[in-house]
Structure formats: structure tokens, C-alpha cells
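Here is a short report on one protein structure. Look at the structure first, then read on.

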Amino acid sequence: MSLKADQVCFTYPRDVSRRKILDKVSFEVNQGEILSILGPNGSGKSTLMNCLSGLFKPNSGDIYVSGQNVKQLSVRQLAHKMAYVPQTHNPAFSYTVRDFIVMGRTPYINVFSQPSELDFEITDKMIKELGIGKLADKKYTEISGGERQQVMIARALVQEPEIVLLDEPTSHLDFGNQQRTLELASNLSKRNIAVVMSTHVPDHVIMLGDKVGMLDQHGHMEFGFVDDILGEEALSKLYNFPLKMVYIKEVERFTCIALKK
Ligand code: ADP
Ligand code: MG
């Protein structure tokens with residue numbers, strides 16, 4: 001099982017500037033691996049996620065799931081393999097959290113059927129596993145942004161995907177919940193899921209390790225192993241700000257700090 005992008009290009013159809021948001025983006029992430037995507041605001045991280053999830057069609061280039069071109073997969077077939085947690089989600093209806101999560105089972109439910117007992121069993125197991133039992137009967141519209149993020153992840157997981165796309169899952173979370181979300185991403189990879197996650201925090205990428213893609217304002221993505229390509233020079237250039245990598249012996253890893261001008 002793997003997710004592969006091969007020379008993916010994307011321009012928004014109605015963008016008069018014809019800017020290439022993605023310009024020959026290529027990478028490969030295999031089962032049990034994590035790919036973190038870094039990039040400044042507006043560089044195209046969410047656009048890339050939308051292309052990977054099948055929501056947007058690239059102008060050129062291909063995306064493969066386990067060697068199969070996504071062009072040849074139906075929405076339902078793709079949903080059996082891949083779950084997507086978008087950056088923002090503004091709910092229109094006030095479902096309970098439990099009902100909202102069970103909707104993640106949609107790819108397994110017949111068009112005119114209701115969720116089965118098994119679907120609710122899987123949902124309740126996931127609610128327990130993520131420790132969000134106290135939210136289950138609350139309305140989705142009446143929980144906090146951080147709680148909503150956890151619920152969205154639960155909904156993605158009941159889909160039983162092989163690939164999970166997480167678009168800035170930590171951006172609205174407090175420090176503790178950020179760390180817990182990173183642990184969750186790491187646990188997904190231990191379950192042999194391939195994880196693609198965007199973040200604004202280089203430290204998160206260092207903590208997760210594995211692979212990284214650095215997407216710049218021109219649509220170019222530098223892709224490789226964190227240990228090989230994530231350095232002071234690359235990050236300073238990416239964010240157009242001087243920074244330093246400092247080794248912290250207590251945690252036996254580097255951390256990234258901004259250098260005050
Ligand atoms: P990121 O997630 O990295 O912040 P996005 O993928 O959301 O970046 O956006 C990348 C660029 O595409 C931005 O400059 C944004 O303004 C532009 N953009 C996003 N959506 C559209 C759209 N529907 N039409 C034209 N341009 C868009
Ligand atoms: Mg975004």
C-alpha cells in the first residue's frame with residue numbers, strides 16, 4: 001500500500017494570474033510512513049491535499065494509490081482506501097458527535113440504508129479509543145475547535161482507511177492537544193497506515209521524523225527524509241526568516257528556533 005504523486009501540476013481554473021500552485025510535485029509515502037508537508041501560508045498545502053483526496057483534478061501529473069491511478073477509481077473505491085480531514089469544517093447541521101462520526105462509515109453503507117449496528121459498534125470503539133466519550137452526545141456545532149478536530153479524526157478512522165490525509169490538524173489546538181495529535185498521527189503509522197500531514201511547526205516534523213515535503217511559493221516541493229533535507233538553510237529559505245537548529249540533549253533531538261533580527 002502506498003500513495004504516490006508523480007509530477008503533479010495544479011492551477012486554479014479561474015485564476016487570471018495562471019499561477020502554478022503545484023509545479024511538478026512528486027513524492028511517495030508507503031504504509032507505516034509519515035509524510036509531513038511544510039510550507040508558508042498560501043503556498044498550496046491545502047490545494048495539494050485536495051488533489052490527493054481526489055477533490056481537485058491536477059492539470060497534469062498522476063496520483064497513484066497502491067500503484068493504481070486514482071483516475072481509474074470511483075469516489076467510493078477511493079473512500080475505502082483514503083480518509084481526508086480537511087483544514088476547516090463548518091458544519092451545516094447540528095448532528096450529535098456520535099452521529100457525525102458514524103457518517104465516516106458512509107463508503108460501507110448502501111445508498112438507501114441506515115448505519116448498521118456494526119457501524120455504531122465501530123464508532124463507539126473509536127470514540128473510546130480516542131478518549132472523547134464525554135463529547136459523544138453533544139451537538140457537533142456546540143463543541144470547541146480542538147474537540148471538533150478530534151471528532152473529525154475519529155470520523156476519518158471509522159472509514160478504516162489505509163491512507164489518512166490530515167490538513168493542519170494541530171493549528172487550532174493548545175500545546176497539550178497538539179502533542180496528543182502528533183502521538184495519534186504516529187500511532188496511525190504504527191498501525192501501518194500511511195499518513196500525510198501538513199503543519200506550520202518544523203518541530204512537529206522533527207518529532208515525527210520519516211519523510212518531509214517543503215512546498216514553496218512557486219509550487220516546487222522538495223521531498224526527502226527529514227534527516228537528510230530538513231536543515232537551517234532549507235527552512236530559513238522556506239519561511240524567509242533566519243532560524244537555527246539547536247540540539248536538545250534531554251530529548252535527544254534538534255529543535256528549531258527563530259533567530260531574532
Ligand atoms: P495553504 O494551504 O498552503 O495555506 P492553499 O492551498 O489554501 O494554501 O492556497 C494556495 C494558493 O491558492 C493561495 O495563494 C490561495 O489564495 C490560492 N487559492 C486557493 N483557493 C483558490 C481558488 N478557489 N481560486 C483561486 N486561487 C485560490
Ligand atoms: Mg491550508
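## Buried cysteines

A residue counts as buried when its relative accessible area is under 20%. It counts as exposed when that value is over 50%, and as partly exposed in between. The model shown here is predicted. Cysteine 9 has a relative accessible area of 8%, so it is buried. Cysteine 256 has a relative accessible area of 16%, so cysteine 256 is buried too.

How many disulfides does a search of the whole structure find? The search finds zero. For cysteine 9, the nearest cysteine sulfur belongs to cysteine 51, and it is 10.0 Å away. A disulfide needs a pair of cysteine sulfur atoms within 2.5 Å. Cysteine 9 is in no disulfide. A disulfide is a covalent bond between the sulfur atoms of two cysteines.

## Helix H1

Helix H1 covers residues 45-52. Seven of its eight residues are buried, so H1 is largely enclosed by the rest of the structure. Which residues of H1 are buried? They are Lys45, Thr47, Leu48, Met49, Asn50, Cys51 and Leu52.

Serine 46 is partly exposed, because its relative accessible area is 22%. Just after H1 comes glycine 54, with a positive phi of about 90 degrees.

## The magnesium ion

Ligand 2 is a magnesium ion.

Glutamine 87 has 28% relative accessibility, so it counts as partly exposed.

## Around ligand 1

Ligand 1 has its own set of surrounding residues. Among them are Tyr12, Arg19, Ile21, Pro40 and Asn41. The list also includes Gly42, Ser43, Gly44, Lys45, Ser46 and Thr47. By class, the shell has three nonpolar, six polar and two charged residues.

Polar atoms of the protein meet oxygen atoms of ligand 1. A polar backbone atom of glycine 42 is 2.8 Å from an oxygen atom of ligand 1. For a polar backbone atom of serine 43, the distance to an oxygen atom of the ligand is 3.3 Å. Lysine 45 uses its side chain: a polar atom there lies 2.8 Å from an oxygen atom of ligand 1. How much of ligand 1 does the protein cover? On its own, ligand 1 has 570 Å² of accessible area, and the protein covers 59% of that.

## Positive phi in two loops

Two residues other than glycine deserve a look here. Serine 66 has a positive phi, near 45 degrees. Where does serine 66 lie? It is in the loop between strand S4 (60-65) and strand S5 (68-69). Its relative accessible area is 39%, so serine 66 is partly exposed.

Aspartate 210 is not a glycine, yet its phi is positive, at about 65 degrees. Aspartate 210 is in the loop between helix H7 (202-208) and strand S9 (211-215). Its relative accessibility is 30%, so aspartate 210 counts as partly exposed.

## Distances along and across

Now compare sequence and space. Serine 2 is found in strand S1, which spans residues 2-10. Serine 2 is at 11% relative accessibility, so it counts as buried. Serine 2 and glutamate 33 are 31 residues apart in sequence. In space, their C-alpha atoms are 9.2 Å apart.

Aspartate 62 lies in strand S4. Is aspartate 62 buried or exposed? At 19% relative accessibility, it counts as buried. Aspartate 62 and tyrosine 239 are 177 residues apart in sequence, and 28 Å apart from C-alpha to C-alpha.

Threonine 96 is in the loop between S6 and H3. Its relative accessible area is 24%, so threonine 96 is partly exposed. Threonine 96 and methionine 221 are 125 residues apart in sequence. Their C-alpha atoms are 39 Å apart in space.

How values were computed: Residues numbered from 1 in each chain as written. Chains lettered and ligands numbered in written order. Predicted model: local features only at pLDDT ≥ 70, side-chain atom pairs only at ≥ 80, totals over all residues. Heavy atoms only, no water. Buried < 20%, exposed > 50% of the residue type's maximum accessible area, 1.4 Å probe, protein only. Helix = DSSP H or I, 4+ residues; strand = E, 2+ residues; numbered from the N terminus. Donors = N, O, S within 2.8 Å, 3.2 Å for Na, K, Ca; no water. Near = heavy atom within 4 Å. Polar contact = N/O pair within 3.5 Å; in protein donor to acceptor, adjacent residues only side chain to side chain. Areas by Shrake-Rupley, 256 points an atom, 1.4 Å probe, with all protein chains shown as cover. Nonpolar A, V, L, I, M, F, W, Y, C, P; charged D, E, K, R; others polar.
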